[in-house]
Amino acid sequence: MSRSNRGAWPYWTAAAVLAALFLLVIFRWAWFESLALLVLPRKNILLPRTPLYVLAAQHLVLVAATSALAMALAFVLGIAATRPAARELRALLIRLSSLAETFPSAAVLALSVPLLGYGFKPTFLALFLYAILPVLRNTIVGIEGVAAAVVEAALGMGFDRRSLLWQIQLPLALPVILAGVRISVVINISAATLGAAVGAGGFGVPIVSGLRSLDPVLILRGSIPVALLALVADTAFRAVERSRLPRSC
Amino acid sequence: MISVRGVSKRFGELAAVDRADLEVRDGELAVLIGPSGCGKSTLLRLINRLVEADEGQVLIAGSDTRSARPETLRRSIGYVIQSVGLFPHLTVCENIATVPRLHHWDRARIAARVDELLAMMGLDAAYRDKLPAELSGGEAQRVGVARALAADPRLLLMDEPFGSVDPLTRVRLQTEFRRIQRRLGKTVLFVTHDVEEAVRLADSIAVMKAGRILQHASPGELSRSPAGPFVNDFLGSDYGLQLLGRFRLREALELSAAPAAPRVAPPGTPLLSAEATVKDALSLMIASGTDRIAVRDAERLAEFRLADVLRVLGGPA
């Protein structure tokens, strides 16, 4: 319905423009590099470089896999925690998640390397754990935020617990849950650069070697695509949050 | 229609409802009234099993409410609450269609029913696609009532349904609702703490205190023989005046057995419409310092006197 989707279009447009810019940066980095070299010093010409589209693929796979798994788990846990019979689970999850938030992701990474070795695995674990929290918390808050009168009216009219959840509580909690998903994915995109430090690839690779060799252009080669990717994800999710399901009556 | 037999419900130490007995006849509008915390809402919720009774039995149309799943039971009973509880993400149409959908009616039948109910509630078709946030308080209450009536239940449970709108709108909603209820012949159990509202709507009033039903009687009988000092105090010293609010001047003129030739009021007498109540008439007499007023009916002008006021309460109140 155009009436209710009016608010989404600027965000879809912005997301498309940013995505185009992202692809341009990935496949035509040389253009941006020559622009950067007008003001920044040239170094490390001879270092072999992994093509950006390879780094992009690594980064996207890492983010997509960890985010998807984390969301699925957070969603299920969040729903379970809001069941009337699960007060203890809810208390436990809230306590765990506030504890986990005080832990920097770099620390999780550093701690998991001795357990899981270098490379993809420790990064995967750290990103996965980190991506759970915003979705979990927003799922709980979103479902609990549904007005008591609405739940009372639904039960009084003969909804059972399951249809109450799917037809009333989740649709009403959706904006809050989606905001959690957006925050989680954006954090994940930037946190995934840390994986390069333990050999997981991604856009962190040029950033790390650029920092080591004090090469600002190399740092930009990693940080510009990451920033653009985060912006694409952010605007695309904002567009989804502003979209409305079609009316059925 | 409803038969509550020795029902009790305790929350911890507190007996929210204490061995309550209540009979509501088919087509009757019964009001549960009492101070906050007297258990009237709990008693209402015991009937559709939003609260399960500790002891006792509730029969609806002769069958025990525990003989079906609570969801099935609730789908057969209309339910309206004070804060309305319209689903904010659904349009007016989708809100009204809630219970028909739970009953799996087909689209055409639902659409026709929604149109019918909107018309009945005096809302034009443009309201179909509005969201609850776009409605005024009174409109939202109307949609709430339409939603409760959607699947044509024989019984409606209403918990202070007009409690959150301004006084003028409330009176209008009460009058409209009473008319619709009479026309459709619905049985209604209505919770309120507002004596004036109870008197305006009720066929019978059940006064509750601390979980117990102290007296269940017609509004007139409550005033003639209250079951104790609490009932008397709760109804208030102006209960007689409230009772007068139940009678339209049109009905009062018939009761007062006006002479065959209409009594013609002298010019300058204060004037009221026949749709105003006897309470309005008395108030106008006091305000204008006269003992008689003129009542304008469709084609005639009649006189209504102070003495006629007393004759009204002698009638079947």
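Which residues does Val31(B) touch, not counting residues up to four places away in sequence?

Reply: The model is a predicted one. In it, Val31(B) touches Phe190(B), Thr192(B), Ala198(B), Leu201(B), Ala202(B), Ile205(B) and Ala206(B), with residues up to four places away in sequence left out of the list. Val31(B) also belongs to the largest nonpolar core, a set of 149 residues. Together with Leu189(B), Val31(B) has the most contacts inside that core.

Phe190(B) lies in β8(B), where it is the bridge partner of Met158(B). Strand β8 of chain B covers residues 187-192 and pairs with β7(B) in the parallel sense, over five bridges. On another side of the pairing scheme, strand β6 (residues 77-81) of chain B is joined to β7(B) by five bridges, and these two strands also run parallel. Within that pair, Tyr79(B) stands opposite Leu157(B) of β7(B).

Strand β7 (residues 155-159) of chain B therefore deserves attention: five of its five residues are buried, so the strand is largely enclosed by the rest of the structure. Its side chains divide between two directions. Leu155(B), Leu157(B) and Asp159(B) point one way, while Leu156(B) and Met158(B) point the other way, and all are buried.

Further along chain B, Ala210(B) has a positive phi of about 45°, although it is not a glycine. Ala210(B) sits in the loop between β9 (204-209) and β10 (212-217) of chain B. With 16 other C-beta atoms within 10 Å, Ala210(B) is partly exposed. Leu214(A) is placed in the loop between α10 (204-212) and α11 (216-242) of chain A. Leu214(A) has 11 other C-beta atoms within 10 Å and is therefore exposed.

Chain A itself has 11 helices and zero strands. Its C-alpha atoms fill a box of roughly 75 × 50 × 25 Å along the principal axes. Of the 249 residues in chain A, 39% are buried. Among contacts in chain A with a separation of 6 or more, 75% are between residues 24 or more positions apart.

One helix pair of chain A may be described in detail. The axes of α4 (residues 52-81) and α5 (residues 87-101) of chain A come within 8 Å and cross at roughly 130°. That angle makes α4(A) oblique to α5(A). Leu77(A), Ala80(A) and Ala81(A) of α4(A) make the contact with Leu89(A), Arg90(A) and Leu93(A) of α5(A). By class, the residues of this contact are five nonpolar, no polar and one charged.

There remains the contact between the two chains, which takes 15 residues from chain A and 20 residues from chain B. On the side of chain A that touches chain B, the elements giving two or more residues are α8 (148-156) and α9 (161-191) of chain A. The largest share of that side, six residues, comes from α8(A). By class, the side of chain A that touches chain B comprises nine nonpolar, three polar and three charged residues.

Terms used
Residues numbered from 1 in each chain as written. Chains lettered and ligands numbered in written order. Predicted model: local features only at pLDDT ≥ 70, side-chain atom pairs only at ≥ 80, totals over all residues. Contact = placed C-beta atoms within 7 Å. Helix = DSSP H or I, 4+ residues; strand = E, 2+ residues; numbered from the N terminus. Nonpolar A, V, L, I, M, F, W, Y, C, P; charged D, E, K, R; others polar. Axes fitted to C-alpha atoms, helices over the stretch in contact; angles between N-to-C directions. Parallel < 35°, antiparallel > 145°, perpendicular 65-115°, else oblique. Core = buried A, V, L, I, M, F, W, Y, C linked by C-beta atoms within 7 Å. Buried ≥ 20, exposed ≤ 12 C-beta atoms within 10 Å, placed from the backbone. Pairing = 2+ DSSP bridges.
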